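Have the structure open as you read.

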Amino acid sequence: MNDIHLIDTSLGPVQAAFDAEGSVIYLGFADHEFRETLLAKVARLGPASRPDAAVVGRLRKQLEAYSVGGRKTFDVPFRLHGSPFEQRVWAGLQRIPFGETRSYGQLAAELGDPNLSRAVGRANGANPVSILVPCHRVIGANGTLTGYAGGLPMKARLLRLEGALRD
């Protein structure tokens with residue numbers, strides 16, 4: 001897949017792919033643990049598109065503003081492709097406010113079944129648009145940082161940036 005854009009930010013390099021309408025269909029850290037799996041999933045959606053420079057620039061500008069504490073929400077368009085359950089989990093992630101966290105169990109309970117915490121964890125890990133869909137805001141039931149494809153140091157950094165984690 002040759003239409004992956006490398007974007008340098010204060011958080012480090014991220015990679016993004018866009019669909020033909022200019023919506024982000026993949027956003028992840030360049031050293032993303034599961035990057036190959038997610039990129040394969042993106043490739044199955046069809047060819048990624050080369051958006052004009054303004055679309056990439058808008059994403060870069062918003063990520064940079066976020067990375068220095070100047071932005072709490074994003075308004076770049078993105079499109080999520082996944083199973084109906086993954087879509088429900090990703091919608092739940094988007095409802096977690098900036099500066100707050102939820103446990104996998106809490107998110108499962110919000111979806112109607114507290115026994116689905118492992119399934120929520122799998123769907124959380126399959127999130128194709130990191131940061132825009134804030135999967136980093138999900139933590140273990142005991143408050144520990146667990147599972148983040150960008151790595152636990154990055155998860156801690158994002159939560160500190162948002163004020164949800166203090167040293």
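## A glycine inside

Gly92 counts as buried because its relative accessibility is 0%; buried here means under 20% relative accessible area, exposed over 50% and partly exposed in between, using a 1.4 Å probe and protein chains only. You'll find Gly92 in helix α3, residues 84-94. Leu111 sits 19 residues away from Gly92 in sequence, with 7.6 Å between their C-alpha atoms.

A word on the ground rules. The model is predicted, so local features need pLDDT of at least 70 and side-chain atom pairs count only at pLDDT 80 or more, while totals for chains, interfaces and linings use all residues. Residues are numbered from 1 along each chain as its sequence is written, and side-chain values use heavy atoms, leaving out hydrogens and water.

## The overall layout

The protein has six helices and five strands, where helices (H or I, at least four residues) and strands (E, at least two) are DSSP runs numbered from the N terminus. Reading from the N terminus, the order is β-β-β-α-α-α-β-α-α-β-α.

Of the 167 residues in the protein, 47% are buried. The protein exposes about 8100 Å², with 52% of that supplied by carbon and sulfur atoms; the areas come from the Shrake-Rupley method with a 1.4 Å probe, and for residues only the protein chains shown count as cover. Take contacts (heavy atoms within 4.5 Å) between residues at least 6 apart in sequence: 59% of them join residues at least 24 apart.

## The three-stranded sheet

Three strands form an open sheet in the order β1-β2-β3, paired antiparallel; strands pair if DSSP finds at least two bridges between them. The edges belong to β1 (5-9) and β3 (24-29), each with a single partner strand, so one side of each has no neighbour in the sheet. On average, neighbouring strands here are turned by 25° against each other, direction ignored. Axes are lines fitted to C-alpha atoms, for helices over the stretch in contact, and angles run from 0 to 180 degrees between N-to-C directions.

Strand β2 (residues 12-18) is joined to β3 by five bridges, the two running antiparallel. Ala16 has Leu27 of β3 as its bridge partner, and Ala17 has Tyr26 of β3. The β2-β3 hairpin has five residues between its strands, and Gly22 there takes a positive phi near 90°. Is β3 buried or exposed? Six of its six residues are buried, so β3 is largely enclosed by the rest of the structure.

## Helix α2 and Gln62

Helix α2 (residues 53-67) packs on the sheet and touches β1, β2 and β3, its direction making about 30° with that of β1. Gln62 belongs to helix α2 and is buried, at a relative accessible area of 5%. Setting aside neighbours within four places in sequence, Gln62 contacts Arg71, Phe74, Asp75 and Val76.

## The nonpolar core

In soluble globular proteins, nonpolar side chains tend to be buried together. A nonpolar core is a set of buried Ala, Val, Leu, Ile, Met, Phe, Trp, Tyr and Cys residues joined through side-chain atoms within 4.5 Å. Which members of the largest one touch the most other members? Among its 35 residues, they are Leu27, Leu59 and Leu93. Elements giving two or more residues to this core are β2, β3, α2, α3, α4 (104-110), α5 (117-125) and α6 (152-161). The largest share, four residues, comes from α2.

Leu93, leaving aside its neighbours within four places in sequence, is in contact with Leu107, Asn124, Val133, Pro134, Cys135 and Val138.
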